[in-house]
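Please read it alongside the sequence and the structure.

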Amino acid sequence: MGRTPRDSSPTSEFEIKVQPHQSDPHPLGGPRSHRHPPPIPPRLYPPVVEKWFPWLVPTIVVFNIVFFVISMYINDCPKNSNNCIGVSILGRFSFQSTHENPLLGPSTATLQKIGAFEARKVVEEHQIWRLASCMWLHAGVVHVLLNMLGLLFVGIRLEQEFGFVRIGLLYLISGFGASLLSSLFVRTTISVGASGALFGLLGAMLSELMVNWTIYENKLGSLLCLLLIILINMAVGILPHVDNFAHIGGFLTGFLLGFVLLLHPQFGWVKLSNVPPGYGGTSSKPKYKAYQYVFLLVSLILIITGFVVGCILLLRGVDGNKYCSWCHYLSCVPTPLWRCEARCSSSQYENQLNLTCMQNHKSKFYLLDNNTTTSHIQKLCVELCG
């Protein structure tokens, strides 16, 4: 699904015609005067699209895999658990039991230790770096393989077209935005994974199609194909144990960033360095259309405002579930085939924690101590919703 500029092949950019010699006497009877070729109208030049060598996206994939291997080394299941999978073959890299981690990976405690997002640590201990570190961690082999295959499929195409700087910024900022929205609604569990940043790339592909609409040939087909891919991936997010809030946050962030980072000059604009020698003049068209500038400005305002407000709400300990009683359905919809993970809204005053189950709306107060962890709070939530 690539963009196809009109008349973009190198051989169609200029047409040279050889004219037969004609007598052209000099006004004073001298030799024929030398004539320069007439300027070619700039509109005949298509926008030149430089193809970049994609090295950043494969590097990100390698880093994520290496970090997963490191997390399994730190986990050391045989030493810390009596029920591990693949001990005889994998040794200390063996997986936790499927009852504890169905994705074949490390324990929750290990992920918490090495940088998983945990709302309590960010709010109470101001470990805001966890908003970025969690996007480099994965819960299991299945998790990391699915995310990395998706990243290769989407990211390489974007890096080839827009370069590593813009795609790198898009990936990192989208991952941060995914963690930020997730932190406002996922309060009693940890969150890890690069899927939020991956959804940011999908969102950017949609906004790139919109903002560069004039240079696409198969506009409707490209739009419908991309929307179908996005809807399928969003639908997967309503399954249990999937943090769809991270997907939505990453998608919205990437969608807005696409209007800022992925602009193409309008068709017909000519860069002076691309004009061949002997032909003067510059394009009569501006580099970008007016609506592209409008999208860029509005998107910048929304991104900055959203990040500032989101960080303030997070550091103040605001629980989004208290102000949106139906939002938990965005992450999981219960059906006869499965039950959703227990989700609770929480509020804390000193050492008292108030949990409210989002499924049955039961509330209860608990006393906390210094050893209380997120996994312990999640167990209390499961009991309250049970």
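Helices (H or I, at least four residues) and strands (E, at least two) are DSSP runs, numbered from the N terminus. By that scheme Phe245 is placed in helix 11 (residues 244-261). This is a predicted model, in which local features need pLDDT of at least 70, side-chain atom pairs count only at pLDDT 80 or more, and totals for chains, interfaces and linings use all residues. Residues are numbered from 1 along each chain as its sequence is written, and side-chain values use heavy atoms, with hydrogens and water left out.

**Phe245**
- Phe245 counts as buried because its relative accessibility is 3% (buried means under 20% relative accessible area, exposed over 50%, partly exposed in between, with a 1.4 Å probe and protein chains only).
- Apart from neighbours within four places in sequence, Phe245 is in contact with Ala178, Leu181, Ser182, Phe185, Val186, Cys327, His328, Leu330 and Ser331 (contact means heavy atoms within 4.5 Å).
- Between Phe245 and Ser183 the C-alpha to C-alpha distance is 8.6 Å, and the two are 62 residues apart in sequence.

**Helix 1**
- Helix 1 (residues 56-75) has 20 residues and spans 28 Å from first to last C-alpha, close to the expected 28 Å (1.5 Å times one less than the number of residues).
- Buried in helix 1 are Leu56, Val57, Ile60, Val61, Asn64, Phe68, Ser71, Met72 and Asn75.
- Viewed down the axis, the buried residues of helix 1 fall within an arc of 160°, so they line one face (the arc is that of the directions from the helix axis to the C-beta atoms).
- The cover over these buried residues includes helix 2 (77-80), strand 2 (95-96), helix 4 (108-114), helix 7 (141-162) and helix 8 (164-183).

**Helix packing**
- Helix 1 and helix 7 pack at about 170° with axes 8 Å apart (axes are lines fitted to C-alpha atoms, for helices over the stretch in contact, and angles run from 0 to 180 degrees between N-to-C directions).
- Helix 1 is therefore roughly antiparallel to helix 7 (under 35 degrees is roughly parallel, over 145 roughly antiparallel, 65 to 115 roughly perpendicular, the rest oblique).
- The contact of helix 1 with helix 7 has 13 nonpolar, 2 polar and 1 charged residues (Ala, Val, Leu, Ile, Met, Phe, Trp, Tyr, Cys and Pro count as nonpolar, Asp, Glu, Lys and Arg as charged, the others, Gly among them, as polar).
- The axes of helix 7 and helix 8 come within 7 Å and cross at roughly 140°, and the two helices are therefore oblique to each other.
- Leu151, Leu158, Glu159 and Phe162 of helix 7 meet Phe164, Arg166, Ile167 and Tyr171 of helix 8.
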